[in-house]
Amino acid sequence: MQPEIRLYLLDALVMLLLVILQVTVIPMLSILGATPSLPLIGVAFIAMRTGAAPAMLYAFPSGLLIDAYIGDVVGISSLGLVVAGFLMGFFHDAERSTRLIRSGKAVFIVLIGAFAFNLLYVFTYFRTLDFDLGTIALRHMIGAAAYTAVLSTIPVLILGRSASRLRV
């Protein structure tokens, strides 16, 4: 099997695993109603490594799987993940992608993508006008984006730590 195809299949498998964890484990890790988005972290690392187009191609089916499980409105998670993947793909640099993924800038990129995802998700999901916008913004937009960014430090630290052993 060619190395590129193996990498694409590995990315697809990781995204499927992140979606499964998102719908099973992550709801138990909710803090005041804010939950992190594991598929968003996966899309961020794909966007930083390969660019916006591949990230969006992995984001769409991941979002559809999440929406199919939730069963409310199909397409909101897909749209949010695709838009976030597109935004995070702007930071792709083929020459420095491995260094970017292992730096603190990766967490900032995930924060930008998470904020865009949660902003789009909140304003398309909440259809009624009888809610407190400040509470929704703090809990579901800023809180969830910060939670996702904090959780993204784990793979950044693991990759940064393993980079010293992987050099030839």
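This is a predicted model: local features need pLDDT of at least 70, side-chain atom pairs count only at pLDDT 80 or more; totals for chains, interfaces and linings use all residues.
Residues are numbered from 1 along each chain as its sequence is written, and side-chain values use heavy atoms, with hydrogens and water left out.

**Entry on Ser152.** I list Ser152 as buried because its relative accessible area is 0%; buried means under 20%, exposed over 50%, and partly exposed in between, with a 1.4 Å probe and protein chains only. Setting aside neighbours within four places in sequence, I find Ser152 in contact with Ile41, Phe45, Val107 and Val110, where contact means heavy atoms within 4.5 Å.

**Entry on Ala44.** I then turned to Ala44, which has its place in helix H2, residues 38–50, and which is buried at a relative accessible area of 0%. Apart from residues up to four places away in sequence, Ala44 touches Met88 and Val110. I also looked up Gly75, which is 31 residues from Ala44 along the chain, and the C-alpha atoms of the two are separated by 19 Å.

**Entry on H2 and H4.** How far apart are the axes of H2 and H4? I read 9 Å, with an angle of about 35° between H2 and helix H4, residues 76–89; the axes are lines fitted to C-alpha atoms over the stretch in contact, and angles run from 0 to 180 degrees between N-to-C directions. The contact is made on the H2 side by Pro39, Leu40, Val43, Ala44 and Ala47, and on the H4 side by Leu81, Ala84, Gly85, Met88 and Gly89.

**Entry on salt bridges.** I find 2 salt bridges in the structure, a salt bridge being a side-chain nitrogen of Lys or Arg within 4 Å of a carboxyl oxygen of Asp or Glu. Arg49 forms a salt bridge with Asp11, and their closest N and O atoms are 2.3 Å apart. Since Arg49 lies in helix H2 and Asp11 in helix H1, this pair ties together parts that are 38 residues apart in sequence. I record Arg49 as partly exposed at 27% relative accessibility, whereas Asp11 is buried with a relative accessible area of 9%. Asp93 forms a salt bridge with Arg96, with the closest N and O atoms 2.8 Å apart; Asp93 is partly exposed at 25%, and Arg96 counts as partly exposed at 47%.

**Entry on Ile26.** Is Ile26 buried or exposed? I find that Ile26, which lies in the loop between H1 and H2, is buried, because its relative accessible area is 3%. Beyond residues up to four places away in sequence, Ile26 touches Leu21, Thr35, Pro36 and Leu38. The C-alpha atoms of Ile26 and Pro36 are separated by 7.2 Å, although the two are 10 residues apart along the chain.

**Entry on Ile20.** Lastly I looked up Ile20, which has its place in helix H1 and counts as partly exposed because its relative accessibility is 44%.

How values were computed: Helices (H or I, at least four residues) and strands (E, at least two) are DSSP runs, numbered from the N terminus.
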